[in-house]
Amino acid sequence: MNHFNQLLENNKKWAKEVVEVDPDYFTRLEHIQNPDYLWIGCSDSRVPADKITGTHPGEIFVHRNIANMVVHTDINLLAVLEYAVNHLKVKHIIVCGHYGCGGVKSAMTNHNFGIINKWIRNIKDVYRIHSTEIEQLDQESDKINRMVELNVQEQVINLAKTSIIQKAWKECQMPSLHGWVYDLHDGLIKTVFEMGPDDFLDPLYRFDDL
Ligand code: CO
């Protein structure tokens, strides 16, 4: 696609086709948003949440950033999380990484990426936690891919550390948290980590007065 106008042309074509198949489609979706899922994914253009999960508009609430991070000072993420959990009442939150993630790769180098350093420092922290395991792997690509899995796991745990999730778990045993990794080679998703209200969370991060 060489020209941005093509996107607008595509949009017209898409809207027309949707109405041809289902004349009430837009009227129906206009007034309700009731998704069961919150997706926290990487901004990578090759990992579109709805396409790879076969979901449609209205079914999945999406937040994406570099390397699908859950950073506890990120007001953008926290606002999305608060809204998804307490207003949309999503049943599942999926943190989805992908093998070969550029954000994770960058964090495993010593290059200076300017302002992006501040973001990928959070990924370096994941590496530090799991360095013993990762350094046992021989191939650089294996190290990166294992880091992608462990990063997803740590981001799920970061969700569990928030008062938003702990309060929802206390009140309604929801949502359940899922850590997934998408494989660009075959388009398949691997499940790598799950977490729910009864699973272990370091007591250090538990609030007992929610
Ligand atoms: Co990525």
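These legends walk you through a few close-up views of a predicted model.

Local features are described at a pLDDT of at least 70 and side-chain atom pairs at pLDDT 80 or more, while totals for chains, interfaces and linings use all residues. Residues are numbered from 1 along each chain as its sequence is written, and side-chain values rest on heavy atoms, with hydrogens and water left out.

View 1. Let us begin at the metal. Cys42 (SG), His98 (NE2) and Cys101 (SG) are the protein donors of the cobalt ion, at 2.0 to 2.3 Å from it. A donor here is an N, O or S atom within 2.8 Å of the metal (3.2 Å for Na, K and Ca); water is not among the atoms, so sites may look incomplete. Along the sequence, the spacing of these donor residues reads C-x55-H-x2-C. Both His98 and Cys101 are buried, where buried means under 20% relative accessible area, exposed means over 50%, and partly exposed lies in between (1.4 Å probe, protein chains only).

**View 2. A salt bridge between Asp44 and Arg46.** Here the side chains of Asp44 and Arg46 meet, with 2.7 Å from N to O. The term salt bridge is used for a side-chain nitrogen of Lys or Arg within 4 Å of a carboxyl oxygen of Asp or Glu, and by this rule the count comes to 11. Asp44 counts as buried because its relative accessibility is 15%. Arg46, with a relative accessible area of 46%, is partly exposed.

**View 3. Lys13 and Glu17 along helix H1.** Look for this pair in helix H1 (residues 5–21), where Lys13 and Glu17 sit 4 residues apart, about one turn of the helix. Helices (H or I, at least four residues) and strands (E, at least two) are DSSP runs, numbered from the N terminus. The two residues form a salt bridge whose closest N and O atoms are 3.6 Å apart. Lys13 has 53% relative accessibility, so this residue counts as exposed. Glu17 counts as partly exposed, at 38%.

View 4. The side chains of Lys167 and Glu171 join in a salt bridge of 3.2 Å, N to O. Both residues belong to helix H9 (residues 163–172) and are 4 residues apart, about one turn of the helix. Lys167 is partly exposed at 39% relative accessibility, and Glu171 is exposed at 57%. To finish, find Glu133, Arg146, Glu149 and Lys190: salt bridges that share partners join these residues into one network.
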